[in-house]
Structure formats: structure tokens, C-alpha cells
Amino acid sequence: MEDKLLIDGLFARDERSVARLEEKYSGYCYTVAYAVVRCREDAQECVNDTYLKAWNTIPPTKPIHFFAYLAKICRHLAFDRLDWNNAAKRK
């Protein structure tokens, strides 16, 4: 499926577009997140949070390079998770 159709589905608030998004980009997003956190469960949580953040942010914004947009969201969420895991109080 083309990225434009995915973005249009998210603009229309079609929940099936999230399933299509997961179908197309889950492996890529998981790879991005796992490269940062090195934990399977945390990487999967970052991927799921990426879909939620994309769902919440797409209507006001219309990304030109959709995978780069998702990868940036996922990478930032993974770094936030890494900071949370490595906090001094949790060590």
C-alpha cells in the first residue's frame, strides 16, 4: 500500500489504516527501536507507542517522507525509554 493512502486513511481517522501501517512498517520500526534499547519487550512497546503517536499527530501534519517520520518518532520514544531504564534511581 502506498504511503499516501496510509496518510489519507489516518486523516480520515480510519482505524484500518493503523492495521495497514503495522503490516507495512512494523519490522522497520522494531529494528529502529531495538537498535537503541536492546530489549525485545521495550522495543515492541516503542513500536506500539509509535502507532499511537502517529495516530494523534497525523491530522494536523502531513509528512512527505512517511517512513522517516515514523522512524523519527520511534527513535525518540526508544531514547526516552533508554533514559527511563538507565535512570540512577532505578539502578
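Two residues are in contact here when they have heavy atoms within 4.5 Å of each other. With that in hand, among contacts in the protein chain between residues at least 6 apart in sequence, 61% join residues at least 24 apart. What you're looking at is a predicted model, where local features need pLDDT of at least 70 and side-chain atom pairs count only at pLDDT 80 or more, while totals for chains, interfaces and linings use all residues. Residues are numbered from 1 along each chain as its sequence is written, and side-chain values use heavy atoms, with hydrogens and water left out.

Let's start with the overall layout. The protein chain has four helices and zero strands, and from the N terminus on its elements run α-α-α-α. Helices and strands are DSSP runs numbered from the N terminus, where a helix (H or I) has at least four residues and a strand (E) at least two. Along its principal axes, the C-alpha trace spans about 45 × 25 × 20 Å.

Now for what's hidden and what's on show. A residue is called buried under 20% relative accessible area, exposed over 50%, and partly exposed in between, using a 1.4 Å probe and protein chains only. By that rule, 33% of the 91 residues of the protein chain count as buried. The accessible surface comes to about 5,900 Å², and 55% of it belongs to carbon and sulfur atoms. Those areas come from the Shrake-Rupley method with a 1.4 Å probe, and for residues only the protein chains shown count as cover.

As for charge, the chain carries 15 positive and 13 negative side chains, and the centres of the two sets lie 5 Å apart. Lys and Arg count as positive and Asp and Glu as negative, with His and the chain ends not counted. Each charge is placed at NZ of Lys, CZ of Arg, CG of Asp or CD of Glu.

Next, head inside. In soluble globular proteins, nonpolar side chains tend to be buried together. A nonpolar core is a set of buried Ala, Val, Leu, Ile, Met, Phe, Trp, Tyr and Cys residues joined through side-chain atoms within 4.5 Å. The largest such core has 20 residues, and Tyr25, Phe66 and Leu70 touch the most other members. Helices H1 (3-11), H2 (16-37), H3 (40-57) and H4 (66-85) each give two or more residues to this core. Which residues does Tyr25 contact, leaving aside its neighbours within four places in sequence? They are Asp3, Leu6, Tyr51, Phe66, Phe67 and Leu70.

The expected span of a helix is 1.5 Å times one less than its number of residues. For the 18 residues of H3 that gives 26 Å, and the end C-alpha atoms are 26 Å apart, so the two agree. Its buried residues are Asp42, Ala43, Cys46, Val47, Thr50, Tyr51, Ala54 and Trp55. They pack against H1, H2 and H4.

Over in helix H2 you'll find Ala33, which counts as buried because its relative accessibility is 0%. Leaving aside neighbours within four places in sequence, Ala33 is in contact with Ala43, Cys46, Cys74 and Ala78. Ala33 and Arg81 are 48 residues apart in sequence, yet 9.6 Å apart in space, C-alpha to C-alpha. Val32 lies in helix H2 too, but it is partly exposed, because its relative accessible area is 22%. With neighbours within four places set aside, Val32 is in contact with Ala71, Cys74 and Arg75. The C-alpha atoms of Val32 and Asp49, 17 residues apart along the chain, are separated by 13 Å. In helix H4 sits Asn85, partly exposed at 26% relative accessibility.

Finally, take a look at the loops. Most residues other than glycine have a negative phi. Arg13, in the loop between H1 and H2, has a positive phi near 60°. Arg38, in the loop between H2 and H3, also has a positive value, near 55°. Are these two arginines buried or exposed? Arg13 is partly exposed, with a relative accessible area of 35%, whereas Arg38 is exposed at 58%.
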